[in-house]
Amino acid sequence: MASSSAVGKLSREEFRRQKDLDAARKAGTAPAALDEEGRPINPHIPQYISQAPWYLDTGAPSLSHQRRPFDDRSADKLDNWYDRGAKAGPAAKKYRKGACENCGAITHKKQDCLERPRKKGAKFTNKNIQADEIIHEVATGFDAKRDRWNGYDPAEHKKIYDEYEAVEAARQKLREEEIDNQTTTDLAAVRKVAKAGKKEGKEADPDFGSSDEEDADDDKYADAADAVGQKLDTKTRITVRNLRIREDTAKYLMNLDPESAYYDPKTRSMRDAPMKNVPAEDAKFAGDNFFRFSGEAPEVQELQLFAWQAAARGNDVHLNANPTQGQLLHHEFKEKKEMMKDVNKVSILAKYGGEEYLEHVPRELINGQTEDYVEYSRTGQVIKGKERAKARSKYPEDVYVNNHTDVWGSWYDLSSGTWGYACCHSTIHISYCAGEVGKEAAQASTAQALLASSKAQSEPFAQDNEARARIEQNYSKKRVGEGDVALDKDRLAEAISEEKKRKTRGDKDDDRSSKKMKGLQSGSHDVTEEELEAYRMTRRNAEDPMANYVDSEDVYTR
């Protein structure tokens with residue numbers, strides 16, 4: 001099967017011969033196939049391993065695509081780098097065409113020259129021509145190209161050590177000069193100054209160095225130099241933190257009564273307060289339980305309990321390993337708990353009802369009275385007591401801008417349905433206040449004012465038309481009640497009944513009623529067309545032959 005990669009499309013006969021050859025190679029009767037390097041190929045290797053992909057197929061049976069390619073990493077070595085500043089032999093005597101116009105080297109141009117720009121370049125003077133640089137061709141690999149220390153000379157770092165050593169030597173010399181210039185004869189002060197300049201791990205000058213006697217003196221005074229709450233052990237050179245300082249009073253000395261709070265000497269704890277008659281806030285020591293349940297200690301205990309319970313349920317929560325995660329999860333848990341409590345409350349109220357019983361009436365309304373005594377005057381001012389403060393909004397109140405004396409929204413225009421300022425009746429927000437002039441202008445610009453002005457202009461014309469109509473009525477043949485007049489049937493029937501009632505009354509009654517009604521209706525009551533028609537219909541006509549006819553059923557008999 002190893003040679004199948006080098007074979008294209010085979011005929012049926014060639015495929016059968018290939019199968020027989022592969023079977024013979026597996027059986028050992030035929031020699032194994034050889035690769036490009038002459039090594040035999042195992043015939044038992046599966047085809048998906050021995051057959052090369054199309055982009056690595058060489059046309060011959062081979063297993064080179066399964067082997068690791070040879071990698072030449074010589075280009076990745078750190079010593080393979082540019083030789084900085086190397087010159088190629090002696091410099092030229094004369095300027096060459098195409099060389100640098102500044103220094104005369106042919107390996108670079110004028111814009112790439114690193115020398116100081118000359119007033120007159122080597123092109124014009126033919127003097128001081130520099131030698132050509134050696135251009136290296138460094139082939140770097142993937143790792144060498146990305147190595148930030150590639151090409152670095154470790155000898156460069158020795159300059160830093162030399163610089164620091166020179167600085168220390170100068171400082172040591174300066175200290176020695178200060179000691180020589182001192183006028184004091186105190187040997188301890190001299191040793192102290194000399195020891196301050198001594199570098200750790202470096203041999204000191206025998207004239208200014210320390211000895212065993214000096215170290216003994218330092219150890220002798222070291223115990224007296226202890227800080228508050230610390231102890232310096234001169235034998236082990238270790239600073240030990242004391243459990244308490246001398247200024248502290250032991251817990252068991254707070255109250256010497258044997259029946260007071262119990263003191264545990266093993267853990268040095270006193271859980272109860274030693275002074276029962278002193279409040280915990282004022283006591284010097286109120287017991288370990290007071291400190292354990294004050295401040296943020298309860299929150300830490302709740303957080304630790306939450307971490308234990310969450311770990312017991314299979315969650316990966318540990319307060320000491322990841323305190324931030326535990327605190328965030330605890331905060332999220334409390335939010336979900338409050339949300340579920342609200343959801344359960346709403347669901348129970350929706351199912352069973354009774355929300356009205358949960359609403360509490362204010363205490364002032366329950367008792368009908370309060371202990372807050374306030375006495376007011378007739379004008380509404382507070383005489384005694386303190387008036388309850390009004391609730392203020394979070395927004396700024398009583399802020400007057402642009403000369404306004406009222407706030408925006410203090411006036412409502414009914415005609416336009418907009419809010420404005422009550423001081424000038426302006427409906428434009430943040431406009432300048434015009435005062436009474438603005439009110440007059442706003443009133444004049446309303447629709448009613450505009451209609452009234454147009455009506456006032458049209459009134460003279462209406463009066464002239466009415467006068468002309470009356471003149472035509474007086475001097476024309478058409479009088480009141482004549483012509484085509486539209487009468488209201490209901491008003492006509494009411495007018496006829498009123499006219500009949502008036503005629504049924506006597507002449508005296510008619511005269512009295514007419515005199516009484518004359519003062520009330522004169523000038524205010526006009527005769528309508530219906531009343532005029534009713535009068536015409538009920539008046540007597542002397543020329544009527546049926547005027548004296550009396551019907552027995554007529555209620556208007558005289």
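**Briefing: loop asparagines and a negative patch**

Asparagine 402 is partly exposed, because its relative accessible area is 32%, a value between the 20% limit for buried and the 50% limit for exposed. The model is predicted. The protein chain has 558 residues, of which 16% count as buried.

**Loop between β4 and β5**
- Asparagine 402 lies in the loop that runs between β4 (382-384) and β5 (411-413).
- Although asparagine 402 is not a glycine, its phi is positive, at about 55°.
- Asparagine 403 is found in the loop between β4 and β5 as well.
- The phi of asparagine 403 is also positive, near 70°, and this residue is likewise other than glycine.

**Negative surface patch**
- Asp490, Glu494, Glu498 and Glu531 form a negative surface patch.
- Helix α14 (residues 489-504) supplies the largest share of the negative patch, with three residues.
- Aspartate 490 is one of the patch residues and is found in helix α14.
- With a relative accessible area of 60%, aspartate 490 counts as exposed, because the cut-off for that class is over 50%.

**Whole chain**
- The secondary structure of the protein chain consists of 16 helices and six strands.
- Taking contacts between residues at least 6 apart in sequence, 36% join residues at least 24 apart.
- The protein chain exposes about 46900 Å², and 52% of this area is supplied by carbon and sulfur atoms.

Terms used
Residues are numbered from 1 along each chain as its sequence is written. This is a predicted model: local features need pLDDT of at least 70, side-chain atom pairs count only at pLDDT 80 or more; totals for chains, interfaces and linings use all residues. Side-chain values use heavy atoms; hydrogens and water are left out. Patches are made of residues with over 30% relative accessible area and no salt bridge: like charges are joined within 9 Å, nonpolar side chains (Val, Leu, Ile, Met, Phe, Trp, Tyr) within 5 Å. Accessible areas come from the Shrake-Rupley method with a 1.4 Å probe; for residues, only the protein chains shown count as cover. A salt bridge is a side-chain nitrogen of Lys or Arg within 4 Å of a carboxyl oxygen of Asp or Glu. Lys and Arg count as positive and Asp and Glu as negative; His and the chain ends are not counted. The place of a charge is taken as NZ of Lys, CZ of Arg, CG of Asp or CD of Glu. Helices (H or I, at least four residues) and strands (E, at least two) are DSSP runs, numbered from the N terminus. Buried means under 20% relative accessible area, exposed over 50%, partly exposed in between (1.4 Å probe, protein chains only). Contact means heavy atoms within 4.5 Å.
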